[in-house]
Amino acid sequence: MPITAREFDRVIGKFGFETREAGDLLAFLTVAGKRVVRTKRSRRGRGDLPQHHRIRQQLHLNEDQLRDAIACPLDRQGYLQILRNKGIL
């Protein structure tokens, strides 16, 4: 499922990721002082992001969960529960 830069920014903001500029936009999720998830997106271009499947994998989401994250039913608490269920937290 393609994801746009705007959708990416909204999702990482909703989930509480920290961001840093380094050519690309780097995003990190820190929980209890530990960095548990990291992803990035290109700063170039508009529209659909290249490598959107990698972004989804780096966020540890399946296609349906990513759709929910973009459409807003999935919030930070739900995302953290997904990470717990997968043994990442």
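Biologist: Which residue is the bridge partner of F28 in β3?
Modeller: R38 is the bridge partner of F28. Keep in mind that this is a predicted model.

Biologist: And the strands around that pair? How many bridges join β2 and β3?
Modeller: Seven bridges, in the antiparallel sense. Strand β2 covers residues 24–31.

Biologist: What is the strand order in the whole sheet?
Modeller: The order is β1-β2-β3. The sheet is open, has three strands and pairs antiparallel. Its edge strands are β1 (18–22) and β3 (34–41), each pairing on one side only. On average, neighbouring strands are turned by 25 degrees against each other, direction ignored.

Biologist: Which helix packs on the sheet, touching β2 and β3?
Modeller: Helix α4, residues 76–85. The direction of α4 makes about 80 degrees with that of β2.

Biologist: Let's stay on α4. Which residues there are buried?
Modeller: Y79, L80, I82 and L83. Seen down the axis of α4, the buried residues fall within an arc of 155 degrees, so they line one face of the helix.

Biologist: Why would residues a few places apart point the same way?
Modeller: An α-helix has 3.6 residues a turn, so residues three or four places apart point the same way.

Biologist: Last one. Is the phi of G87 positive or negative?
Modeller: Positive, near 80 degrees. G87 follows α4.

How values were computed
Residues numbered from 1 in each chain as written. Predicted model: local features only at pLDDT ≥ 70, side-chain atom pairs only at ≥ 80, totals over all residues. Heavy atoms only, no water. Pairing = 2+ DSSP bridges. Helix = DSSP H or I, 4+ residues; strand = E, 2+ residues; numbered from the N terminus. Axes fitted to C-alpha atoms, helices over the stretch in contact; angles between N-to-C directions. Contact = heavy atoms within 4.5 Å. Buried < 20%, exposed > 50% of the residue type's maximum accessible area, 1.4 Å probe, protein only. Arc of directions from axis to C-beta.
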